[in-house]
Amino acid sequence: MSDKATLEINGKKYEFPLITGTENEVAIDIKTLRAATEGVITIDPGYKNTGSCESAITFLDGEKGILRYRGYSIEELAEKADFLEVAYLLIFGELPNEEQLEKFHSDIKKNSVVDDDIKKILDAFPKSAHPMGVLASLTSALTSFNPSSVNVDSEEDMYNAIVKILGKFPILVAWTMRKKKGLPFDYGNSSLGYVENLLQMMFKQPNEDYKQNPILVNALDKLLILHADHEQNCSTSTVRITGSSHAGLFVSLSAGISALWGPLHGGANQAVLEMLEGIKEDGGDTSKYMAKAKDKQDPFRLMGFGHRVYKNFDPRAKIIKVAADEVLGDLGVEDPILDIAKGLAKEALEDPYFVDRKLYPNVDFYSGIIYRAMGIPTEMFTVMFALGRLPGWISQWKEMRMRKEPIGRPRQLYIGETYRPFKEMSKR
Ligand code: CMC
């Protein structure tokens, strides 16, 4: 293969280098395009063809349904590693040995407290507030209580900011849910594992000991691993572009949380469950909703279906579907919603509309069913996604800073009015 791409504009030829990644993906390096052509730019709404960076964190092949973190397959990681090991892998590039993992966890635990005034901020929100808005605000607010995490000038500063947020974020997640439920805030117990502690902080009743259920711990661990990174998606790109102005880690994460909230991204897990509930209440007629999804005059989309990159299957959805069956079976939960979900998936996988457009169930299609079986309120689903994605966002932010990437600042093609003289009020 040639190592150059040639572009011809008005009879003049320009050459650009082709660069190849470790998985043989090829990109045209157009860094010099605008200068060489005196102003020509590319247009690519939604960045469907644009690589925003070179990254060594996550590889995904949407055609083959491959997802790997730092070279390790998602299937193996979900089966053999725990969430904290995966977080370490994503952030530092290698799986930790015992000693490294212990130190990492111990540093996180030392930071697993928040300033008591955070409670006042949380208290000021109405109970009806959506947990994603609350989480974004609290994550941003943490900056004020930890100003040293803003100016990251050394690897040590970076490490400190990372263990701080990994320690404090689960508290924000758990307390956001407790606030909604009217429960007093709980700090958990630092002798517990990361996920066990999260469950305790979320679910412990004030007058009872919290009994861990290994099925739930295992299921949540798996779900968090499956959500931990997904290369340059909407929220991750938001984190990188926010951090590219050298904004601190916590506010960059807060921006990512806001981006994740939308129903076309992380908010889809809440939207899926609400859709399934709606179908159930409407009599369970899945074909009616299939018809709506295919009707171009109807804005309804089958939530939890389709993906910008996966055009064959979403490997995360495959693992989650099996996990959903296991968890519901182990807990003895019979959820008619699961039957509706399976019915919809079966119909869609055989329907030419979905087959032709390569629309398959994505990670969000089944995750909500597991969260629901765990007793997590629907509005909290995207918050759980955010907790899982935290190590991915951190690792992408760290990579962007360490590679000294320039500030993110796309161009545009202006299509508005050309110059016109100011119109006086009396003439408008
Ligand atoms: N239901 C019905 N039609 C769909 C759907 C859907 N869920 N998704 C895509 N299509 C159709 C779309 O109308 C278009 O049809 P046509 O070619 O006739 O105009 C075609 O499929 C291509 O869709 P697109 O919107 O151009 O694809 P995209 O890559 O821009 O969007 C997506 C990807 C995930 C936003 C979209 O599939 C969608 O809205 N899905 C539902 C929301 C969802 O489940 N999001 C979670 C994504 S996975 C979690 C995450 O990482 O965020």
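Ala, Val, Leu, Ile, Met, Phe, Trp, Tyr, Cys and Pro count here as nonpolar, Asp, Glu, Lys and Arg as charged, and the others, Gly among them, as polar. With that sorted, here are the close-ups. All of them show a predicted model, in which local features need pLDDT of at least 70, side-chain atom pairs count only at pLDDT 80 or more, and totals for chains, interfaces and linings use all residues. Residues are numbered from 1 along each chain as its sequence is written, and side-chain values use heavy atoms, with hydrogens and water left out.

**View 1. The ligand and its shell.**
The shell around the ligand is made up of 10 nonpolar, 6 polar and 6 charged residues. That gives 22 surrounding residues, with H265, R301, L302, G304 and R308 the closest; a residue belongs here if one of its heavy atoms lies within 4 Å of the ligand. Look next at the polar atoms. R301 brings a polar side-chain atom to 2.7 Å from an oxygen atom of the ligand. For Y353, a polar side-chain atom lies 2.9 Å from a nitrogen atom of the ligand. L264 takes part through its backbone, where a polar atom is 3.1 Å from a ligand nitrogen atom. On its own the ligand has 940 Å² of accessible area, and the protein covers 79% of this (Shrake-Rupley method with a 1.4 Å probe; for residues, only the protein chains shown count as cover).

**View 2. Q270 in helix α12.**
Q270 sits in helix α12, which spans residues 268-281. Helices here are DSSP runs of H or I with at least four residues, strands are runs of E with at least two, and both are numbered from the N terminus. With a relative accessible area of 12%, Q270 is buried; buried means under 20%, exposed over 50%, and partly exposed in between, using a 1.4 Å probe and protein chains only. Its side chain makes a polar contact of 2.8 Å with the side chain of E274. Such a contact is a pair of N or O atoms within 3.5 Å; within protein, one must be able to donate a hydrogen and the other to accept it, and residues adjacent in sequence count only if both atoms are side-chain atoms. Beyond residues up to four places away in sequence, Q270 touches H130, T378, E379, F381 and T382, where contact means heavy atoms within 4.5 Å.

**View 3. T382, a partner of Q270.**
T382 belongs to helix α18. This residue is buried, and its relative accessible area is 0%. Apart from neighbours within four places in sequence, T382 is in contact with M132, L260, W261, G266, G267, N269 and Q270.

Setting aside residues up to four places away in sequence, L223 touches I320, S367, I370 and Y371.

E231 lies in the loop between α9 (214-227) and α10 (234-243). At 24% relative accessibility, E231 counts as partly exposed. Its contacts, leaving aside neighbours within four places in sequence, are T58, L60, T236 and Q396. G392 is 161 residues from E231 in sequence, and the two are 8.0 Å apart in space, C-alpha to C-alpha.

**View 4. Two cysteines, C53 and C234.**
Searching the whole structure finds 0 disulfides, a disulfide being a pair of cysteine sulfur atoms within 2.5 Å. The sulfur of C53 has its closest cysteine sulfur in C234, 14 Å away, which is too far for a bond. Both residues are partly exposed: C53 has 23% relative accessibility, and C234 has 47%.

K358 is not a glycine, yet its phi is positive at about 55°. You will find K358 in the loop between α16 (352-356) and α17 (363-373), where it is partly exposed at 37% relative accessibility. K404, also other than glycine, has a positive phi near 50°. K404 is in the segment after α18 (381-402) and counts as exposed, at 73% relative accessibility.
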